[in-house]
Amino acid sequence: MFVAIARPAVEPVGPDAVAVPGSPAIAIASPRALHARLLENAAQRRLRGLERRRSNRLEDADYWLHAAPVAVRKACALRAELRLAPLP
């Protein structure tokens with residue numbers, strides 16, 4: 001039995017390692033870029049939690065508001081591990 005492999009209807013734009021096989025790999029981020037991404041994730045999680053709280057979705061809000069400090073702790077651990085200047 002022969003099965004034809006069809007191309008997906010939507011092609012990803014830019015590097016996306018999990019979108020389709022054979023897509024370009026994501027470049028390894030520098031330590032400072034990784035630190036910045038962790039802090040950005042923490043900010044997005046906090047904003048998402050506040051949005052859920054305003055929508056009266058308290059279980060979701062609690063999850064996201066408790067997830068934000070986890071990302072900050074990871075960023076602090078990374079900063080300490082790489083011996084970057086401490087944050088004020």
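Predicted model: local features only at pLDDT ≥ 70, side-chain atom pairs only at ≥ 80, totals over all residues.

**Entry 1: the chain.** I looked up the secondary structure and got two helices and zero strands. Then I checked burial: 17% of the 88 residues count as buried. I also looked at contacts between residues at least 6 apart in sequence, and 36% of those join residues at least 24 apart.

**Entry 2: H1.** Helix H1 covers residues 31-54. Which residues of H1 are buried? I got His35, Leu38, Ala42, Gly49 and Arg52. Part of their cover comes from H2.

**Entry 3: H2.** H2 runs over residues 58-81, again with 24 residues. From first to last C-alpha I get 35 Å, close to the expected 34 Å. The buried set here is Ala61, Ala67, Ala68, Ala71, Ala75, Leu78 and Arg79. I remind myself that an α-helix has 3.6 residues a turn, so residues three or four places apart point the same way. H1 is among what covers the buried residues of H2. After H2 comes Arg83, and its phi is positive too, near 55°.

**Entry 4: how the helices pack.** At what angle do the axes of H1 and H2 cross? I read roughly 165°, with the axes coming within 7 Å. The cut-off for roughly antiparallel is over 145 degrees, so H1 counts as roughly antiparallel to H2. The crossing itself is left-handed. I sorted the residues of this contact by class and got 16 nonpolar, two polar and eight charged.

**Entry 5: Leu34.** I picked Leu34, which is found in H1. Is Leu34 buried, exposed or partly exposed? Its relative accessible area is 35%. Buried would need under 20% and exposed over 50%, so Leu34 goes down as partly exposed. Leaving out residues up to four places away in sequence, I see Leu34 touching Ala29 and Leu78. Leu78 is on my buried list for H2. Leu34 and Leu78 are 44 residues apart in sequence, yet their C-alpha atoms are 8.6 Å apart in space.

Key. Residues numbered from 1 in each chain as written. Heavy atoms only, no water. Helix = DSSP H or I, 4+ residues; strand = E, 2+ residues; numbered from the N terminus. Expected span 1.5 Å × (residues − 1). Buried < 20%, exposed > 50% of the residue type's maximum accessible area, 1.4 Å probe, protein only. Contact = heavy atoms within 4.5 Å. Axes fitted to C-alpha atoms, helices over the stretch in contact; angles between N-to-C directions. Parallel < 35°, antiparallel > 145°, perpendicular 65-115°, else oblique. Left-handed = near helix turned anticlockwise from the far one by under 90°. Nonpolar A, V, L, I, M, F, W, Y, C, P; charged D, E, K, R; others polar.
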